[in-house]
Amino acid sequence: MAERFFARVYDVVRQIPEGRVATYGQVASMVGEPRKARFVGFAMHSSPGAKGGVPCHRVVFKDGSLCAGYVFGGPDAQRALLEEEGVTFLADGRVDMGLCQWEA
DNA sequence: CATTTGACTCTAT
DNA sequence: AATAGAGCCAAAT
């Protein structure tokens, strides 16, 4: 299981409740490796997708912005999906971190 | 087996 | 305050 780190990331992301988001760095910190924030997102790319139990759209940047250009359909789809779950968005098109950032 | 790359984050200018 | 650059560490080639 060379990819145990990825599996661990998936497990954490899977625990993110609806209407709540987490940053890559936070998820990385949860798995015990805050330096591998980049791989958290990289793991998302290799993830089975929201259907596989990994709502990668709930994982955002530390600023609350999304990874536009690499998501399934685009930032608009991700924004709409998060908004559908009850996530509050700022006028800048970013997630309201102070209100919807996931707390373990 | 060595090199490259990458959904990030922080620090410095 | 905003922009630019470097650092991190594992997976893919």
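Is alanine 28 buried or exposed, and at what relative accessibility? At 0% relative accessibility, alanine 28 counts as buried, where buried means under 20% relative accessible area, exposed over 50% and partly exposed in between, computed with a 1.4 Å probe on protein chains only. This residue lies in helix α2, and helices (H or I, at least four residues) and strands (E, at least two) are DSSP runs numbered from the N terminus. Alanine 28 and valine 12 are separated by 16 residues in sequence and by 8.9 Å in space, C-alpha to C-alpha.

The model is predicted, so that local features need pLDDT of at least 70 and side-chain atom pairs count only at pLDDT 80 or more, whereas totals for chains, interfaces and linings use all residues. Residues are numbered from 1 along each chain as its sequence is written, chains are lettered from A and ligands numbered from 1 in the order in which they are written, and side-chain values use heavy atoms, with hydrogens and water left out.

The contact with DNA strand B is described next. DNA strand B is surrounded by 16 residues, of which the closest are Gly25, Phe39, Gly41, Met44 and Tyr70; a residue is near a molecule or strand if one of its heavy atoms lies within 4 Å of it. Of the atoms of DNA strand B that come within 4 Å of the protein, 48% belong to sugar and phosphate. The residues of this surface divide into ten nonpolar, four polar and two charged, with Ala, Val, Leu, Ile, Met, Phe, Trp, Tyr, Cys and Pro counted as nonpolar, Asp, Glu, Lys and Arg as charged, and the others, Gly among them, as polar.

The elements that give two or more residues to the surface near DNA strand B are α2 (24–30) and α3 (37–46), and α3 gives the most, with seven residues.

Alanine 7 in turn lies in helix α1 and is partly exposed at 41% relative accessibility, and its C-alpha atom is separated by 9.0 Å from that of serine 47, 40 residues apart along the chain.

Aromatic side chains were examined next. The count comes to four aromatic pairs, under the rule that rings of Phe, Tyr and Trp (its six-membered ring) pair if their centres lie within 6.5 Å, with planes under 30 degrees apart counted as stacked, over 60 as edge-to-face and the rest as tilted. Phenylalanine 5 and phenylalanine 6 form an edge-to-face pair, at 5.8 Å centre to centre and with 85 degrees between the planes, and both of these residues are buried. Tyrosine 24 and phenylalanine 61 also form an edge-to-face pair, at 5.7 Å and 80 degrees. Because tyrosine 24 lies in helix α2 and phenylalanine 61 in the loop between β2 (59–60) and α4 (75–85), this pair ties together parts that are 37 residues apart in sequence. Tyrosine 24 counts as buried at 13% relative accessibility, whereas phenylalanine 61, at 40%, counts as partly exposed. One aromatic cluster is formed by Phe5, Phe6 and Tyr10.

The largest nonpolar core holds 21 residues, among which Val9, Val13, Val27, Val40 and Met44 touch the most other members; such a core is a set of buried Ala, Val, Leu, Ile, Met, Phe, Trp, Tyr and Cys residues joined through side-chain atoms within 4.5 Å. At least two residues of this core come from each of α1 (4–14), α2 and α3, and the largest share, six residues, is that of α1.
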